[in-house]
Amino acid sequence: MAPCHTLLSFILTVTVTLAAASPEKKSTFIVQVHHEAKPSIFPTHKYWYESSLASIINHATAAETTTTDASAAVLHTYDTVFHGFSAKLSPLEAQKLESLSHVVAVIPEQVRQLHTTRSPQFLGLKTADRAGLLKETDFGSDLVIGVIDTGICPDRESFNDRDLGPVPPNWKGSCVAGRDFPATLCNRKIIGARYFSAGYEATNGKMNDTLEYRSPRDSDGHGTHTASIAAGRYVFPASTLGYAKGMAAGMAPKARLAVYKVCWSGGCFDSDILAAFDAAVADGVHVVSLSVGGVVVPYYLDVIAIGAFGASEAGVFVSASAGNSGPGSLTVTNVAPWMTTVGAGTIDRDFPANVRLGNGKIIRGVSVYGGPGLTPGRLYPLMYAGGEAGGDGYASSLCMDGSLDPKMVRGKIVVCERGINSRAAKGEVVKKAGGIAMILANGVFDGEGLVADCHVLPAISVGARGGDDIRKYISAASQSRSPPTGTIEFEGTRLGVRPAPVVASFSARGPNPESAEILKPDVIAPGLNILAAWPDNVSPSGVASDERRTEFNILSGTSMACPHVSGLAALLKAAHPDWSPAAIRSALMTTAYTVDNTGSAMLDESTGNASSVFDFGAGHVHPEKAMNPGLVYDISAYDYVDFLCNSNYTAKNIRTVTRKGADCSGAKIAGHAGNLNYPSLSAVFQQHGKTQMSTHFIRSVTNVGDPTSVYKVSIAPPEGITVTVEPETLSFRRLGQKLNFLVRVEAQAVKLSPGSTSVKSGSLVWSDGKHTVTSPLVVTMQQPL
């Protein structure tokens with residue numbers, strides 16, 4: 001029998017509507033249990049969970065409840081990244097459960113959403129090289145990447161297992177059969193496939209099996225696309241509707257894939273995501289790739305952060321997408337410091353198209369439309385959907401379903417604005433109303449960032465300025481005797497684009513909403529107009545009426561950037577089996593670059609101006625340099641506990657995240673949250689009438705370069721900030737040796753209005769003449785209200 005004072009820790013997940021729910025309405029809860037607290041009378045933890053749940057339900061409802069009832073209420077049990085179960089309970093039952101002395105926390109469940117080639121060459125991964133990251137790691141062979149997403153279409157050529165060796169002997173996973181997915185579809189490439197739907201169905205009811213697959217098979221396309229970016233095999237020829245012709249390949253072409261389907265038509269539910277984390281780590285994956293996110297909450301309420309901590313502690317690298325809510329500040333998600341957060345950049349390939357107006361003006365844009373085009377040399381009637389196209393000017397301006405008047409639209413090119421419904425769906429609305437083509441114009445918030453789509457009719461995307469020019473032309477022409485006209489010209493695929501990379505407009509930005517001392521995103525990677533595998537049962541536009549099919553598709557999002565880093569992490573793990581997840585992230589961050597292929601500072605696509613550390617973090621990943629970074633900033637699970645202590649988390653909060661008790665007295669004496677041994681440094685000063693402020697950072701670096709080496713520091717301080725480093729030289733005598741240094745940052749108060757902020761950035765670089773180890777340094781001055 002476990003001692004009575006041992007905590008039985010439950011984490012409960014409820015839907016975000018819990019607060020408004022009636023006492024009778026049941027919601028999903030995730031329950032984390034202290035593993036050692038199980039009374040010996042129960043043969044398994046599952047029996048214990050069911051018994052505990054039965055007593056709670058019985059007590060809350062004052063009715064007879066059997067263990068069978070409780071068993072039916074249990075959705076998932078968790079045994080690896082943390083211990084416990086998820087269940088569907090009423091608010092009253094949850095309240096009773098929370099009142100128990102052994103319950104640690106009650107966490108509302110979030111419904112997460114998906115964050116929706118040439119990129120290997122752009123990143124410098126070339127198959128012809130005699131040496132390099134691909135060759136030296138055997139293309140990632142025997143490393144396993146777990147993809148938590150919408151499943152996979154295993155029939156695609158990107159997932160063939162030709163010339164692959166046997167399944168790694170330490171693999172413990174399995175291939176779970178289901179609709180249109182017999183276990184025989186797994187092979188030496190896809191070595192594991194599971195699906196988790198209990199959380200989704202607990203909230204939405206039984207899934208419609210005619211529209212979705214109760215199996216690991218992908219009915220969306222997102223999971224197939226991300227899996228092939230991470231680890232797709234070489235496929236030639238590859239293209240989408242004639243665009244981006246060439247060879248398609250993932251980052252780690254020989255790495256094995258394990259697929260964990262958690263996303264369905266209603267979203268991705270926390271209880272299912274946690275079950276996927278639990279299974280992936282137990283199965284033996286080396287990397288988890290997660291292109292899913294939601295709102296930022298404290299880590300003890302964030303099931304993705306909790307699952308990722310357990311994975312990281314087990315030595316599994318977790319790569320997560322930063323989100324697509326850019327270019328606004330404070331939009332980055334998946335910000336826990338034990339995850340690598342990935343933003344999106346462009347590559348040196350695009351798909352140009354032009355709008356030629358009746359007045360001769362040309363507006364540049366992009367498109368991957370692959371059907372019959374408009375007649376060359378002919379100008380067509382042009383109209384703005386928010387004008388006379390429909391009764392509701394707002395709905396028609398967005399080309400929402402049913403908003404356009406066919407009498408006004410038929411035979412015309414229609415200008416629609418981005419927002420609300422999907423970009424491809426707007427084209428379908430125009431086509432249904434009789435329009436012959438569409439111009440999709442960015443709003444002010446979208447800026448000049450352009451995303452190419454596979455539309456169902458001739459269509460082009462243009463920036464906010466181009467959209468303004470087109471609308472002004474239409475307005476002026478409509479008032480004259482010459483009606484507005486125009487056409488769209490498609491130019492195919494263009495290579496060698498300069499400048500590149502550019503930070504994608506949609507890529508979510510910092511600063512970190514939860515931990516300002518931790519710079520997020522960590523890095524950026526290719527995420528705009530990326531070619532990758534696509535299911536055979538989903539159209540390239542994603543529109544139901546679209547009957548076209550293609551083996552590859554072009555998508556954009558931090559969802560596409562994330563698996564690039566997942567694949568690179570697998571290559572680095574293959575090259576350095578003893579590296580921790582933190583060491584791999586450090587190698588990617590300290591070797592990242594912040595200049596484009598013209599030698600200038602990377603630009604922000606949304607404005608055309610220079611981007612900042614809150615846009616790209618440490619910079620754009622450079623795989624070949626990351627293989628030999630010289631020094632790494634390593635972090636242990638205990639360091640993360642100290643970080644949580646210094647973030648003023650309570651012992652209860654910390655146990656929820658880490659499954660460990662925490663004595664924070666030593667951590668708080670030693671420093672502050674910014675002293676986590678992170679590869680970037682972020683100082684935040686609250687002025688409060690002060691004239692001078694200072695802080696310090698303690699860092700430790702581990703030698704992974706040459707056994708005998710001497711590194712000297714160089715500092716590019718943020719403007720107006722004094723930065724000193726002690727010592728200025730680090731002398732290493734062996735591999736694996738760790739040396740510490742201290743960074744002092746001093747700042748003078750600046751004139752700020754109440755509630756405003758000033759941000760300055762610089763860098764700190766250690767170099768031995770062979771390796772350059774760069775850390776961004778950002779200083780934020782805040783004037784409180």
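This is a predicted model: local features need pLDDT of at least 70, side-chain atom pairs count only at pLDDT 80 or more; totals for chains, interfaces and linings use all residues.
**Stop 1: helix H8**

Select residues 270–283. This is helix H8, with 14 residues. From first C-alpha to last, H8 reaches 20 Å, close to the 20 Å expected at 1.5 Å a residue.

**Stop 2: the disulfides**

Colour the cysteine sulfur atoms. How many disulfides does a search of the whole structure find? The search finds four. With bonded cysteines counted along the chain, the pattern is 1-2, 3-4, 5-6, 7-8. Three of these links are visited here.

Select Cys175 and Cys186. A disulfide joins them, with 2.0 Å from S to S. The torsion about this S-S bond is about 80°, so the disulfide is right-handed. Cys175 and Cys186 both lie in the loop between strand S7 (144–149) and strand S8 (190–195), so the pair ties together parts that are eleven residues apart in sequence. Are these two cysteines buried or exposed? Both Cys175 and Cys186 are buried.

Move on to Cys399 and Cys416, whose sulfur atoms are 1.9 Å apart in a disulfide. Here the torsion about the S-S bond is about -80°, so the disulfide is left-handed. Cys399 sits in the loop between helix H10 (393–397) and helix H11 (406–409), while Cys416 belongs to strand S22 (residues 413–417). The two are 17 residues apart, and the pair links distant parts of the chain. Cys399 and Cys416 are buried.

Next select Cys645 and Cys664. Their sulfur atoms, 2.0 Å apart, form a disulfide. This link is left-handed, with -70° about the S-S bond. Cys645 is in helix H18 (residues 637–646), and Cys664 is in the loop between helix H19 (651–658) and helix H20 (665–670). The pair links distant parts of the chain, 19 residues apart. Both cysteines, Cys645 and Cys664, are buried.

**Stop 3**

Cys153 has 0% relative accessibility and so counts as buried.

Finish at Cys454, which is in no disulfide. The nearest cysteine sulfur to Cys454 is that of Cys153, 17 Å away. Cys454 is buried as well, with a relative accessible area of 4%.

Conventions
Residues are numbered from 1 along each chain as its sequence is written. Side-chain values use heavy atoms; hydrogens and water are left out. Helices (H or I, at least four residues) and strands (E, at least two) are DSSP runs, numbered from the N terminus. The expected span of a helix is 1.5 Å times one less than its number of residues. A disulfide is a pair of cysteine sulfur atoms within 2.5 Å. Buried means under 20% relative accessible area, exposed over 50%, partly exposed in between (1.4 Å probe, protein chains only).
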